[in-house]
Amino acid sequence: MTGFERGLVAARRMIVPIFTAVLLAGCVVGPDYQKPLLPMPANWTGQKPAKAARPAQLSKWWQRLRDPELNTLVEQAVAGNLDVATAKARIREARASYRKSVGTLFPSAEGSGSATRSKDSSSTSSSSDPYSLYQAGFDASWELDLFGTNRRSVEAARYGLDASEEELRSTLLTLVGDVASYYAEARGYQARIGLARRAAASQKQTAVLTRTMAQVGMSTAADVAKAMGQASSTEADVPTLEAGYAEAVHRLSVLTGRPPAALNERLKRVVPIPTPRLPVPTGIPADILLSRPDVRMAERQYAQSTAKIGQAEAARYPSVSLTGDIDTTAFKVGDLGKNSTIGWSFGPTLSVPVFNGGQLKAAVEVARAQRDQYFIAYQASVLTALEDVENALVALRQERIRNSKLAASAKSYAGAARLEGTLYKAGETSLLEVLDAERSLYSAEDDLLQSRIAIATDYIALNKALGGGWDGAIDAGKPEVVDVKTGARLASKP
């Protein structure tokens with residue numbers, strides 16, 4: 001057998017096991033993720049059967065409140081809110097982690113070089129002449145990932161990226177709902193402040209009339225004091241309502257990423273309380289599995305925890321790496337790779353876990369227990385979503401009934417107050433009846449305004465519960481802090 005033939009045999013002996021190892025690199029251990037199938041109700045309580053349910057109209061649902069100022073505030077909040085910016089940063093972090101995990105599937109290589117100036121001497125001989133020694137090298141390695149450690153890591157990172165994107169959508173859903181709710185509250189406070197001032201002014205007119213009647217003996221000083229006291233009591237509601245309005249506006253400003261007083265001038269003009277278009281299509285309960293970002297995020301986290309079981313399981317199996325290096329040494333730079341000493345090595349490295357005190361098995365058990373926790377969290381998120389929708393449906397349905405009753409009540413009290421006022425001027429009824437009618441009218445009208453606010457906020461809560469959020473484009477790739485002068489440079493003094 002010639003030397004060439006012996007070389008081929010030696011190469012074949014080395015290549016065959018390596019090729020076999022590469023084929024085995026397609027294996028993975030641990031459970032493969034399967035999306036869970038959870039039992040869901042066929043329809044919402046009090047709704048028509050599922051086959052007749054119209055799909056929920058969640059795209060830009062806040063525009064159905066028919067308020068241009070609210071539409072603008074939502075867009076500005078999406079662009080400037082700090083919680084949204086934090087969620088974007090988490091997406092960038094997850095993307096980088098995913099790329100880092102993918103990098104473990106490929107070989108790694110690095111080069112090295114050195115230059116030394118040396119001089120040898122000893123006590124028994126004269127010193128030698130100084131000389132220079134130059135070295136250059138190239139190292140490479142590749143973990144074959146026989147049992148899928150790195151691929152499970154990539155899988156987990158991909159699920160983690162999905163979860164971070166759902167977290168951003170969940171943050172946007174909460175943000176849009178909060179902006180709409182605080183805006184409705186602010187407009188509601190404006191309406192209630194206006195009502196309190198009008199009622200106080202009307203009650204003051206009654207007090208003036210009572211004073212005039214007292215001057216001609218048709219009333220008493222006590223009646224005048226009672227009338228003025230009721231007017232002052234109604235006026236006392238205004239500061240409390242003003243404080244509530246200011247807090248709502250301040251919160252709106254912060255939600256848009258601005259200082260608390262930024263919207264004071266912009267929102268001071270009084271406009272009506274937003275009125276939604278009703279009824280609201282709700283679809284079927286199973287829709288929330290796709291529309292609710294918090295539910296989707298919990299499902300992705302469950303998937304990620306499943307992949308981590310395989311990652312922990314693979315650590316219990318042998319691992320194989322291919323390593324190789326080549327280096328050259330010369331006394332002159334120009335001789336590197338030519339008139340130089342060249343050495344190389346290449347071969348597989350096998351690592352087998354033998355004894356570790358049960359740590360690797362325990363790590364698998366930890367991963368399985370964590371997977372169970374995420375599965376339970378997913379189930380809990382689905383139940384919470386169902387509860388949110390059912391509660392919002394009941395609240396909106398009952399508030400609409402209450403609103404119709406309050407409207408009838410306010411209309412009746414308004415008629416009674418006008419009649420009592422007419423009778424009082426004619427001297428045919430007492431001041432007590434007039435004051436009671438005015439107080440009842442103010443209370444009924446204030447309750448009606450609060451009911452209108454509640455209808456708006458219940459409508460908002462229902463759309464949030466159904467999964468209605470921001471469905472426009474979001475750029476999560478732009479960092480909040482842009483670094484400058486990041487290249488190599490002389491260090492500056494602190």
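This is a predicted model: local features need pLDDT of at least 70, side-chain atom pairs count only at pLDDT 80 or more; totals for chains, interfaces and linings use all residues.
Reader: What reaches the backbone nitrogen of Asp83 at the start of H3?

Author: A side-chain oxygen of Asn81 does, coming to within 2.9 Å of that nitrogen.

Reader: Which residues of H3 are buried, and what covers them?

Author: The buried residues are Val84, Ala85, Ala87, Lys88, Ile91, Arg92, Ala94 and Ser101. Their cover includes helix H2 (68-80) and helix H4 (149-215).

Reader: Take Asn150 in helix H4. Is Asn150 buried or exposed?

Author: Buried means under 20% relative accessible area. Asn150 has 9%, so Asn150 is buried. Leave aside neighbours within four places in sequence, and Asn150 is in contact with Thr104, Leu105, Glu143 and Asp145.

Reader: Now charges. How many salt bridges does the count come to?

Author: First the general idea. Side chains of opposite charge can pair when their charged atoms come close. Here the count comes to 20 salt bridges.

Reader: Which residue forms a salt bridge with Glu155?

Author: Arg152 does, with the closest N and O atoms 2.8 Å apart. Glu155 and Arg152 are separated by about one helical turn, because they are three residues apart in helix H4. Glu155 is buried at 13% relative accessible area, and Arg152 is buried at 3%.

Reader: Where do Asp436 and Arg439 lie?

Author: Both lie in helix H11 (residues 431-466), three residues apart, about one turn of the helix. Asp436 is partly exposed at 35% relative accessibility, and so is Arg439 at 41%. Elsewhere, salt bridges that share partners join Asp32, Arg152 and Glu155 into one network.

Reader: Last, the surface. Which residues make the nonpolar patch of about 570 Å²?

Author: Phe138, Ile326, Ile342, Trp344 and Phe346 make that patch. Strand S4 (residues 341-351) gives the most, with three residues.

Reader: Trp344 is in strand S4. Is Trp344 buried or exposed?

Author: Exposed means over 50% relative accessible area. Trp344 has 67% relative accessibility, so Trp344 counts as exposed.

Conventions: Residues are numbered from 1 along each chain as its sequence is written. Side-chain values use heavy atoms; hydrogens and water are left out. Patches are made of residues with over 30% relative accessible area and no salt bridge: like charges are joined within 9 Å, nonpolar side chains (Val, Leu, Ile, Met, Phe, Trp, Tyr) within 5 Å. Accessible areas come from the Shrake-Rupley method with a 1.4 Å probe; for residues, only the protein chains shown count as cover. A salt bridge is a side-chain nitrogen of Lys or Arg within 4 Å of a carboxyl oxygen of Asp or Glu. Helices (H or I, at least four residues) and strands (E, at least two) are DSSP runs, numbered from the N terminus. Buried means under 20% relative accessible area, exposed over 50%, partly exposed in between (1.4 Å probe, protein chains only). Contact means heavy atoms within 4.5 Å. A polar contact is a pair of N or O atoms within 3.5 Å; within protein, one must be able to donate a hydrogen and the other to accept it, and residues adjacent in sequence count only if both atoms are side-chain atoms.
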